[in-house]
Amino acid sequence: LIGVGFLLTGLAALLLLVALFARQQAKRLARPLEALAAASERIAKLDFQAAPMEPSDIAEVGQLAAAHEKMRAVLQADQQQIAWQEETLRKQIEALRAADEKIRESEAYNKVLFSDSSIPLVVLDPENGRFIDCNQAAANIYGISDIASVLGLTPADVSAPVQYDGTPTSQAVEWKVQQALERGVVLFEWRHRRLDGTEWD
């Protein structure tokens, strides 16, 4: 009976030692894993600062910590790239908005000058050779009551058949449009004709 009690006591002591060892091993494994989990939570909140990792002599935990550090570094670099791209896009959007505002102001300013000018002004589409815009002064000088009636006309419609130098108007129009497209600016004299047949240079 004493031997059985001894045996049971020894067995209980052995189980206690095994439990203590197992607990110690579990702590050895849990601490670095808990540190990795906490670091992952910080990364999820976009906090990419490197944190000291719990040292471990377990090879698999060390490999996991090394892979986690690589992932953190890659995500940090990606986040920095995204932040840089976001800032670049924000600046480009601001620049586009500013440019758009300037264009709107410029268009409005030019439209006022164009519309209110007492100088006859017409805009010619070089592709089809027709007037696509004009001001009231142009309609008036051609003897046409409204701007809409000028739109769609060609220079030949409001010009003498032959120009002052003897060139047929249809040919002269082609030359002048070509010169304007090549040079940007062309100054020349032109013989016009109103719808009532009146001609003037």
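Predicted model: local features only at pLDDT ≥ 70, side-chain atom pairs only at ≥ 80, totals over all residues.
User: How do you know which residues line the largest pocket?

Analyst: A lining residue has an atom within 4 Å of a point. That gives 28 residues, with Val122, Leu124, Phe131, Val186 and Phe188 nearest the centre. Helix 4 supplies the largest share, five residues. By class, the lining has 24 nonpolar, three polar and one charged residues.

User: What makes strand 1 and strand 2 a pair?

Analyst: Pairing takes at least two bridges, and four bridges join these antiparallel strands, so they count as paired. Leu124 has Phe131 as its bridge partner in strand 2. In the hairpin, four residues sit between the strands, and Gly129 has a positive phi near 70°.

User: How do you know what span to expect for helix 4?

Analyst: Take 1.5 Å times one less than the number of residues. Helix 4 has 15 residues, for which 21 Å is expected, and its span of 21 Å is close to that.

User: Why are Thr169, Ala172 and Val173 called buried?

Analyst: Buried means under 20% relative accessible area, and these three residues of helix 4 are buried by that cut-off. They cover an arc of only 105° around the axis, so they sit on the same side of helix 4.

User: Which residues are exposed on the other side of helix 4?

Analyst: Ser170, Glu174, Leu181 and Glu182; exposed means over 50%.

Conventions:
Residues numbered from 1 in each chain as written. Heavy atoms only, no water. 1 Å grid on protein atoms, 1.4 Å probe; cavity = no way out; pocket = protein on both sides within 12 Å on 5 of 7 lines; lining within 4 Å. Helix = DSSP H or I, 4+ residues; strand = E, 2+ residues; numbered from the N terminus. Nonpolar A, V, L, I, M, F, W, Y, C, P; charged D, E, K, R; others polar. Buried < 20%, exposed > 50% of the residue type's maximum accessible area, 1.4 Å probe, protein only. Arc of directions from axis to C-beta.
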